[in-house]
Amino acid sequence: MRNLSLFAGVLLPILGAASILASSDSARKTSSFSFDPLAFNHHVATCPSINRSTNKTVDLQLRYVDINSHTASHARETLLLLHGWPSLWASWKYQIREFKDDYRLIIPDIRGFGPSTHPGDVQSSGPMPDLVGTHDWGALLAYEAARERPDIFTAVVGITIPYMPAAGPYVPISALVPMFPHLAYQVYFAQETSTAVAELGRDIRRTLRATLRTVASPPPPDFLLSNSSYLGVWKDVDTIPPIPFFDGQEEDYWVSQYNIQGFKYNLEFYTNADPVGDWELAAKVLQSAKFLPSYTQIALPGAHWVQLEYPDQVNALIRNFLRTLGASHFENGETVLAL
């Protein structure tokens with residue numbers, strides 16, 4: 001078993017990738033099922049990292065769930081499931097249900113989320129060189145990890161965000177707001193980080209409810225358009241409706257996990273990070289497919305949380321992509337696929 005130090009590496013190409021994007025069209029969704037995040041055993045991996053503001057090495061404690069481990073099965077392939085923002089390991093509940101009997105699943109809370117610790121400096125100690133993942137910003141981490149360590153990672157399925165090559169000059173998010181106005185909130189996170197952390201942490205349940213919405217239960221039209229507040233457009237809503245894809249117990253769990261560290265260490269994705277926006281357009285502009293030997297892009301209906309809103313469709317696409325890899329990619333024993 002390759003341990004969780006697989007979160008770092010050297011620059012090399014990846015074998016294959018699929019990108020699942022969300023669109024605004026309507027489609028049939030799956031029904032929910034009972035999921036108790038407290039029923040899972042958690043492990044802790046100690047991983048060295050660096051606080052780049054002090055240049056000191058820090059031992060991170062990363063919590064993760066390990067399902068269908070090799071001590072209890074003969075699964076040759078491992079799926080590494082990593083979340084985006086604001087999220088937790090439990091956002092993969094439908095993928096756990098789908099793949100738990102066929103693959104080993106390793107599902108951590110990324111550093112700074114829940115009880116997983118952080119180097120301590122959000123502005124300079126972001127996770128890009130150190131982690132891998134695949135929904136939202138986790139997808140960018142996954143692409144980079146696979147690019148740097150093809151000896152460990154066979155393939156990547158990126159959900160919501162396509163591969164973003166590092167070609168061309170760096171463009172700050174603020175310069176993209178006129179073209180992609182819904183990036184304005186990221187300018188707020190990047191330029192007023194401490195203010196944003198305080199606003200998000202003032203009422204964690206309200207923040208999570210405001211963010212985890214669906215097409216059927218959307219946020220206000222002006223959500224994310226402000227560069228001075230994240231929740232301001234909700235000011236006239238006394239009680240934001242519950243998170244659509246969770247029952248009360250799950251929502252309580254998410255609130256409890258975010259109460260551990262708040263948002264102090266998980267805005268790192270937005271401090272001088274790469275942009276997000278219209279991902280179908282971004283993939284075309286960035287020519288994502290040009291940089292990958294095997295690239296598939298599929299648009300699904302739904303909002304940002306497509307693996308929770310349309311899990312049946314997402315799971316079917318993931319499983320089909322895994323089949324297309326073929327046995328030749330897995331001939332060297334255990335293989336890790338970033339999801």
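Predicted model: local features only at pLDDT ≥ 70, side-chain atom pairs only at ≥ 80, totals over all residues.
Start with the helix itself. α7 covers residues 248-261. Its buried residues are Glu250, Glu251, Tyr253, Trp254, Val255, Gln257 and Tyr258. As a reminder, an α-helix has 3.6 residues a turn, so residues three or four places apart point the same way.

Now the ends of α7. After the helix comes glycine 262, and its phi is positive, near 65°.

Next, the strands. β2 and β3 pair in the antiparallel sense, over 10 bridges. Within that pairing, serine 49 stands opposite valine 58 in β3. The hairpin has 4 residues between the strands, and asparagine 55 there has a positive phi near 60°.

Last, helix α1, which is where lysine 93 lies. Is lysine 93 buried or exposed? Its relative accessible area is 1%, and the cut-off for buried is under 20%, so lysine 93 counts as buried. What is lysine 93 in contact with, leaving aside neighbours within four places in sequence? The list is Phe33, Phe35, Phe245, Phe246, Glu250 and Leu308. Glu250 is also one of the buried residues of α7, which brings us back to the helix we started with.

Key:
Residues numbered from 1 in each chain as written. Heavy atoms only, no water. Buried < 20%, exposed > 50% of the residue type's maximum accessible area, 1.4 Å probe, protein only. Helix = DSSP H or I, 4+ residues; strand = E, 2+ residues; numbered from the N terminus. Pairing = 2+ DSSP bridges. Contact = heavy atoms within 4.5 Å.
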